[in-house]
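Please look over the two chains below before reading on. The report goes from one chain to the contact that joins the pair.

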Amino acid sequence: MVGTALFFLFAGFAIMCAISMVYHKNPLYSAISLVGVFISLSCIYITLAAPFIAAVQILIYAGAIMVLVVFVIMLLNLDDDTGPNRLKYLYTLGGGLGVVLLAQTFFIFYAVMRAPNVPSDQTLSAGKTLTIGQAMYTEYLLPVEIVGVLLLMAIIGSVMLARRLAQPQLEIVVERESEIRHDEQ
Amino acid sequence: MEPSLASYLALSGILFTIGAVGVIFKRNALGMFMCIELMLNAVNLTFVAFSRYYGDTTGQLFVFMVMSVAAAEAAVGLGIIIAFFRNKQSIDVDEASILRN
């Protein structure tokens, strides 16, 4: 009973925060709402007997990624989103996509209702850090190594993106173009 | 009395829908980025729920992988957004039309 109450509490909080994230025009409000989603999902992970994932969710998502996003928002000093001047058909497309996905969700809900829904007792060990660590370094060693290489590539890529590119060549092109325009005039 | 597997999947589906609709409706790149993070989280929830109901550690392990990929995506994506802002003084994705005609 307590589990159901907690689930509906945190699920409602997560959905409200998600809607407020999409609704707000100011990126900073969106980021704060997204932190709310992450924290309530982390609480749901705890009720699902996955304390390691819950801790990692707080550390990586609410801690690292959202701090990075808020840092970028502050760095760029953005204004609010201005009015919609976008292609109109995107709104109908988005609405249609939302309706289709929601219909799919409820289909899944009713399809799974009949499946056996009692969590097995042996799952209690599945969420332990010890179990996850053993699986990570024995059975799934190769994926872990691949993720390591992926993170290295991301580090190198972000450094390459963030450094100031050598500008002189671009300036030369711009100067030539302005010279050509002067000649034409 | 615990909530059934179906309710976790329904929550995950609703969050995914909100994220997918948000990607289309949002106009600034940071908003779209955050909606993508929301979709990744919705998928993580299904992994953990199935891991709980079938007693398998693999689901939680792959949540860990998804989180690593999300971290890499955050690093590269925010780098791209900053580089874009440096050129255009805006992160409105409508401005990114330099390849059009």
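**Chain A by itself**

From the N terminus on, the elements of chain A follow the order α-α-α-α-α-α-α, with 7 helices and 0 strands in the count; here helices (H or I, at least four residues) and strands (E, at least two) are DSSP runs, numbered from the N terminus. This is a predicted model, in which local features need pLDDT of at least 70 and side-chain atom pairs count only at pLDDT 80 or more, while totals for chains, interfaces and linings use all residues. Residues are numbered from 1 along each chain as its sequence is written, and chains are lettered from A and ligands numbered from 1 in the order in which they are written.

Of the 185 residues of chain A, 20% count as buried, a word that applies if 20 or more other C-beta atoms, placed from the backbone, lie within 10 Å of a residue's own.

**Where the chains meet**

The contact takes 73 residues from chain A and 62 residues from chain B, where two residues are in contact if their C-beta atoms, placed from the backbone, lie within 7 Å. On the side of chain A that touches chain B, the largest share, 13 residues, comes from H4(A).

**Two helices side by side**

H2(A) and helix H2 (residues 29-54) of chain B pack at an angle of about 5 degrees, with their axes 10 Å apart; axes are lines fitted to C-alpha atoms, for helices over the stretch in contact, and angles run from 0 to 180 degrees between N-to-C directions. H2(A) and H2(B) are therefore roughly parallel to each other, a description used for angles under 35 degrees.

Technical notes. Parallel < 35°, antiparallel > 145°, perpendicular 65-115°, else oblique. Buried ≥ 20, exposed ≤ 12 C-beta atoms within 10 Å, placed from the backbone.
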